[in-house]
There are 2 protein chains.
Amino acid sequence: MIPSSSLSVGLVQQSCCEDRSSNLAASACGIRSAALQGARLVILQELHTGPYFCQTEDCDQFDRAEAIPGPTTDELGALAAELGIVIVASLFERRAPGLYHNTAVVLEKDGSLAGRYRKMHIPDDPGYYEKFYFTPGDLGFQPIATSVGKLGVLVCWDQWYPEAARLMTLAGADLLIYPTAIGWDPSDSDAEQQRQLAAWQTIQRSHAIANGIPVVSVNRVGHEPAPDGRGPGALFWGHSFVAGCQGEILAQAGAAEEEVLVVDLDLQRSEQVRRIWPFLRDRRIDFYGELTRRFRDQPFSH
Amino acid sequence: MIPSSSLSVGLVQQSCCEDRSSNLAASACGIRSAALQGARLVILQELHTGPYFCQTEDCDQFDRAEAIPGPTTDELGALAAELGIVIVASLFERRAPGLYHNTAVVLEKDGSLAGRYRKMHIPDDPGYYEKFYFTPGDLGFQPIATSVGKLGVLVCWDQWYPEAARLMTLAGADLLIYPTAIGWDPSDSDAEQQRQLAAWQTIQRSHAIANGIPVVSVNRVGHEPAPDGRGPGALFWGHSFVAGCQGEILAQAGAAEEEVLVVDLDLQRSEQVRRIWPFLRDRRIDFYGELTRRFRDQPFSH
C-alpha cells in the first residue's frame, strides 16, 4: 500500500494512576482530542493502562496482564472505529500462565486488530525490572500494515538499538513508533539527567537519519513513587516528540505536563531524502554478518 | 591492552590548497600544536594532502594517489616518532594500477605503521563522485591496536552507518574516529544546510550512545570551487567535534576557521556508562540475521 503523502499523527502524553479505568478514560480523552484536530493515527505511551509497575519484582503485578485480543483492545478498537482512526496502544500481554510480554497493538480504523509487536529488547535496571515481567518478543521486527501506512512499531528499550530501527526499515516501515516509559532517577545530578534526556532524543533522531523515515516517540510524565516505599521512585521525563526524515524535531512536549501533540507528516519526504542521502544503497551487507555475534573476541576473518 | 584512563586527543581542522607540501606543512603545524598541548593522539581530516578532488570524475586525479607505506606515511611517521604520539591520517591509496582506496592510516609513536582502514562505505552524489575513485574497502571493520588504545577508525560516509560503529565496538574499539570531508551545497537553503549539519552531528553522537564509547570527528573547512568551473563547488562545514560516551559534545570547532582542538577523554568512562546503559547485554542477535539483506521484500520468516 502506498501511504498518502500527508499523515496527521497524534501523540498522547499522560500520567497514570493506579486505577485502570481512569487511565483508559484519560487516554480516550487524548485520542478524541487528537482526532478532533485531524489526527488519523494516534499513539499512546508504553503500558498506559496503569502505573509503571516494574519498579519492583512482585508476583501480584502479573494480575495486571490481559489477553490480546482482550478488554483493552475491545475498548480501544471500538474507539478507533467510532473515530475512524488508527490507534497504537501498549499492553501487558498475558499469553499463557507464566508467559507474559510487553506488547504494542495496532487497532485499525474499522476497530479490528491490525497486528501486534512484542518488545524484543528487554531492559533490567534498578527500578526497571522488566526481565522479571516480560518474556523477550518472538515475532521479530515486522512492520504492521494499516490503512495509514506500514507502522514500524517498537517499544521503549528498543529505541537504543539501531539494529531494530534498521530491520523495520528494511521490511518496509514508513515510520518508526516508540511507546515508551523512561524517566530520571531523582537522585541523579541535573547534568546527568540532562545528558540522559539528550541521549534519548539523539539516538531516536539518529534512527530517522540513518533510515530516512520519521520517528514518533511517546513517553509518560509524572512521578511514581516506589511501590515498596524504598528509593526515590521514577520521574518520567515526558518530551514526547516527532522527528522528520533528517532527524529534525518537528514537535515536542514538555517534561512534566500531560499533552496532546498533533503533527502533520509528509511520508513522501522519505523518497526525497533517500535520494539525496542514499544510505540504503551503500550498506556493506557482505561484511555485516558479524552483527549477529555477541562480541568479536577473536580477530575477524572474512 | 588496557588503555590508560585519560587520553588527550588532538583534532586538526584545516583548509587545503592545491599544493601537497603546503597542506602537509599545515597538518604538521597543527600536529605540533596539539602535541605541545599534551595530545598523545592526533587526528587529521579526510584526504588532507590536497583539495577534495572528487568534485568531478577526472582520470588525471589518480596521479594524486600514493603507496602505503609511502611518502606521506614516511613523513608523518617521522613526526609521530619525533613527538612520541600516535597520528591518524587519511590518504588516497594506490594499491595497484587501476585499484585505489580511500584509506586511513595509523602511525605509532615509534613511527611505524600500526595499521590501515580502507573506507568501506563509498558515497556518490553530485560533487562527491567517490565511486569513480575509490574501490570499496576489503579489510572489514577492525580496530587498530595502538599504544593509546584500540582505535575504531572509520572514514566519512561510514559515519552514517550504525552497522560500522557497532562492528568496530564488537571488535573492541575504545573510541570511534572519523576523518571526514563534508560540506554544504552553497545553493541549498539555510534551513536545509542546518538540518544537514545537525543530522551529521546527531548520527555520530548516536554511535557514542549506542556503543558507550567516545567519538572523534575531524572535518575540513573552506570553500573549494568546482575544478571544471561548473556548479557552486563545496563549502566544507568544519564543526569537528568530540562526543563523550553518552553522546554529549565535549568540544567542537567552528564552521569556517582552521582550528586545533585538544580534548581529554576518560576511556574508563565506557565501563561506567555501559554499566548503567547495558545495551550490549540485550542485543537480540537471534533476530539480527536479516541485517545482511539489502531489503526484506518478502515477509520475514524466522
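**View 1. Loop holding P69(B).** In this predicted model, P69(B) lies in the chain B loop that runs between strand 2 (41-44) and helix 2 (71-83). Helices (H or I, at least four residues) and strands (E, at least two) are DSSP runs, numbered from the N terminus. The peptide bond joining I68(B) and P69(B) is cis, with omega about 0°. Most residues other than glycine have a negative phi, and most peptide bonds are trans.

**View 2. Loop holding P69(A).** A cis peptide bond, with omega about 0°, joins I68(A) and P69(A). In chain A, P69(A) is placed in the loop between strand 2 (41-44) and helix 2 (71-83).

**View 3. Positive phi at C156(B).** C156(B), a residue other than glycine, has a positive phi near 40°. C156(B) is buried, its relative accessible area being 7%; buried means under 20% relative accessible area, exposed over 50%, partly exposed in between (1.4 Å probe, protein chains only).

**View 4. Positive phi at H239(B).** For H239(B), also not a glycine, phi is positive and near 60°. With a relative accessible area of 16%, H239(B) is buried.

**Conventions.** Residues are numbered from 1 along each chain as its sequence is written, and chains are lettered from A and ligands numbered from 1 in the order in which they are written. Local features need pLDDT of at least 70, side-chain atom pairs count only at pLDDT 80 or more, and totals for chains, interfaces and linings use all residues, while side-chain values use heavy atoms, with hydrogens and water left out.
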